[in-house]
Amino acid sequence: MVRIIIEKSLIAILLLFVAMPIEAQNYHSGRPERPVYNGGYGKNTYGGNELYYGLRLGLGFATVNNSEIEDYDAPSSRTGLNLGAVIGYQLSPSAPVYLESGLFYTEKGGRNNNIPSQKIDYNLNYLELPILVKYCIDIDGEFSIQPYVGGYLACGVGGKIKHHNNKNLDERYLESAFSDTYFKRFDGGLRFGCGVEYNMLYAEMSYEFGLANISHDDFEKTRNSCFYLNIGVNF
């Protein structure tokens with residue numbers, strides 16, 4: 001189900017990028033109480049190179065992917081909290097292009113049901129720094145569509161490996177996720193998605209694909225991936 005949502009989201013984002021050159025030729029601020037300039041960002045950006053701030057809250061649907069060692073592969077998604085704040089500014093007063101960053105607490109991981117005798121849950125919690133480039137497509141001065149692309153850097157701040165015995169679910173034990181046995185703390189990769197804004201209200205969906213190998217073994221590749229649904233406000 002999540003894969004179908006991601007595929008449809010990617011198609012919608014690609015269509016938006018195709019429409020960008022046409023939209024950029026006619027783009028202008030639709031709000032008369034503000035100075036008119038070529039470029040705008042919904043209701044909350046007040047001109048070229050002005051900062052905006054935002055709060056975000058949502059859910060992530062994460063997996064851990066390892067194609068070489070079945071015991072470390074966690075293809076079943078884990079749902080976790082995603083909470084953070086963002087800051088951004090317009091790169092040029094003549095184009096609706098914005099640079100956005102921030103700081104997030106995000107819960108990733110996944111579930112491994114490959115082993116017949118037990119289930120394994122990876123709970124990986126990170127502090128994450130996204131670096132995104134947004135293109136704002138103004139609709140009517142209050143509503144805008146904002147596809148974006150960029151990357152992220154993350155540092156693991158806590159996590160556990162939960163082992164569940166399938167024969168007796170009361171038998172379980174925990175191990176530290178960020179250790180010499182399991183995962184490195186550093187993670188990084190690509191992020192792309194699309195947001196919509198109406199006045200101060202904001203919503204977005206995005207997908208992260210990890211490029212960093214979070215395994216300690218250089219000969220195996222273990223990577224995070226996560227699909228996000230967030231809501232928030234901009235100031």
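A salt bridge here is a side-chain nitrogen of Lys or Arg within 4 Å of a carboxyl oxygen of Asp or Glu. With that cut-off, searching the whole structure turns up 8 salt bridges. Before we look at some of them, a word on the ground rules. This is a predicted model, so local features need pLDDT of at least 70 and side-chain atom pairs count only at pLDDT 80 or more, while totals for chains, interfaces and linings use all residues. Residues are numbered from 1 along each chain as its sequence is written, and side-chain values use heavy atoms, with hydrogens and water left out.

Start with Glu-100 and Lys-134, whose side chains form a salt bridge at 3.2 Å, N to O. Glu-100 sits in strand β3 and Lys-134 in strand β4 (residues 118-135), so this pair ties together parts that are 34 residues apart in sequence. Strands, by the way, are DSSP runs of E with at least two residues, numbered from the N terminus. Glu-100 and Lys-134 are both buried, where buried means under 20% relative accessible area, exposed means over 50% and partly exposed lies in between (1.4 Å probe, protein chains only).

Now move along to Lys-108, which meets Glu-208 in a salt bridge of 2.8 Å, N to O. This one links distant parts of the chain, with Lys-108 in strand β3 and Glu-208 in strand β9 (residues 201-210), 100 residues apart. Glu-208 and Lys-108 are buried too.

Next come Asp-121 and Arg-111, with a salt bridge at 3.4 Å, N to O. Since Asp-121 belongs to strand β4 and Arg-111 to strand β3, the pair ties together parts that are 10 residues apart in sequence. Asp-121 is buried, at a relative accessible area of 14%, but Arg-111 counts as partly exposed because its relative accessibility is 33%.

Back on strand β3 (residues 95-112), look for Tyr-98. Its relative accessibility is 0%, so Tyr-98 counts as buried.

One last stop: where is Asn-199? Asn-199 is in the loop between β8 (186-198) and β9. Most residues other than glycine have a negative phi, yet phi of Asn-199 is positive, near 55 degrees. Asn-199 counts as buried because its relative accessibility is 18%.

Definitions and conventions. Helices (H or I, at least four residues) and strands (E, at least two) are DSSP runs, numbered from the N terminus.
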